[in-house]
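Let me put the sequence and the model on the screen.

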Amino acid sequence: LTVVSGVDDVRRTTGDLVLLPMRRKHVNAVLRIEQQVYPEPWTAPLFLSELAMKSVRDYTIASVDDEVVGYSGLSYVDSEAHITNIAVDPRFQKRAIATHLMLRCAELCRQRGVQGMTLEVRVSNAAAQALYRKFGFAPAGVRKGYYTKPSEDALIMWAHDVDSNPYTERLTRIADALEKVR
Ligand SMILES: CC(C)(COP(=O)(O)OP(=O)(O)OC[C@H]1O[C@@H](n2cnc3c(N)ncnc32)[C@H](O)[C@@H]1OP(=O)(O)O)[C@@H](O)C(=O)NCCC(=O)NCCS
């Protein structure tokens, strides 16, 4: 993927990768990815109800040539944000798309004055945990039997002080490393 920084804060064009707020019209394409990557995929009504909670959610899609190739979701509670979902089409994985989505999530959180970000991840999901560690998330506990199909514990991870200067520097380092790929 070529990566070109955009100027528009809302619609950021990155060469052939575009990040946009998720709309109802994207949900079918999102579900096609969701069903490939999760044993218990979210349903259309669940995505639609999330999208309806406009003031406390931010869902983002990544698209290449007008095709949805990934998405992420944020739920805000007070000064904290929960990453509710992040997934990339298997055909487009390992091309930094999730990294772009996480950068966008962090940016959205900072715009809102969020201090801490949290999420749950299957204890066996090494790929996602590596992605989260890159963004400063550290394990904070385990939720026993949180997942089904197959039954598995969830690792709870937190990134604290995402409104601080050191965290800004972390994001800058990640973004700079992406730029170098060009
Ligand atoms: C996790 C997921 C979103 C990563 O998407 P991606 O676009 O391939 O990720 P990126 O290319 O941006 O990779 C970012 C980092 O994630 C880690 N990573 C991604 N895929 C990995 C893999 N297969 N094995 C190990 N680490 C991996 C690496 O640390 C990578 O950083 P690096 O390239 O500097 O080494 C993707 O694998 C996915 O959709 N998985 C299924 C859904 C899922 O599990 N979501 C998380 C639920 S909690």
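I'll go through some of the salt bridges here, one pair at a time.

First thing to keep in mind: this is a predicted model. In it, the count of salt bridges comes to 7.

Let's start with Glu 67 and Arg 91, whose side chains meet in a salt bridge with an N to O distance of 2.6 Å. Glu 67 sits in strand β4, while Arg 91 is in the loop between β5 and α3, so this pair ties together parts that are 24 residues apart in sequence. How accessible is Glu 67? Its relative accessibility is 32%, so we call it partly exposed. Arg 91, on the other hand, is exposed, at 54% relative accessible area.

Next up, Glu 120 and Arg 143, a salt bridge where the closest N and O atoms are 3.2 Å apart. Here we go from strand β6, residues 116-122, which holds Glu 120, to strand β7, residues 138-147, which holds Arg 143. Those two residues are 23 apart, so again distant parts of the chain are linked. And is Glu 120 buried or exposed? Buried: its relative accessible area is 16%, and the cut-off for buried is under 20%. Arg 143 is partly exposed, with 37%.

My last pair is Lys 144 with Asp 153, again a salt bridge, with 3.1 Å between the closest N and O atoms. Lys 144 counts as exposed, at 70% relative accessibility.

How values were computed
Residues are numbered from 1 along each chain as its sequence is written. This is a predicted model: local features need pLDDT of at least 70, side-chain atom pairs count only at pLDDT 80 or more; totals for chains, interfaces and linings use all residues. Side-chain values use heavy atoms; hydrogens and water are left out. A salt bridge is a side-chain nitrogen of Lys or Arg within 4 Å of a carboxyl oxygen of Asp or Glu. Helices (H or I, at least four residues) and strands (E, at least two) are DSSP runs, numbered from the N terminus. Buried means under 20% relative accessible area, exposed over 50%, partly exposed in between (1.4 Å probe, protein chains only).
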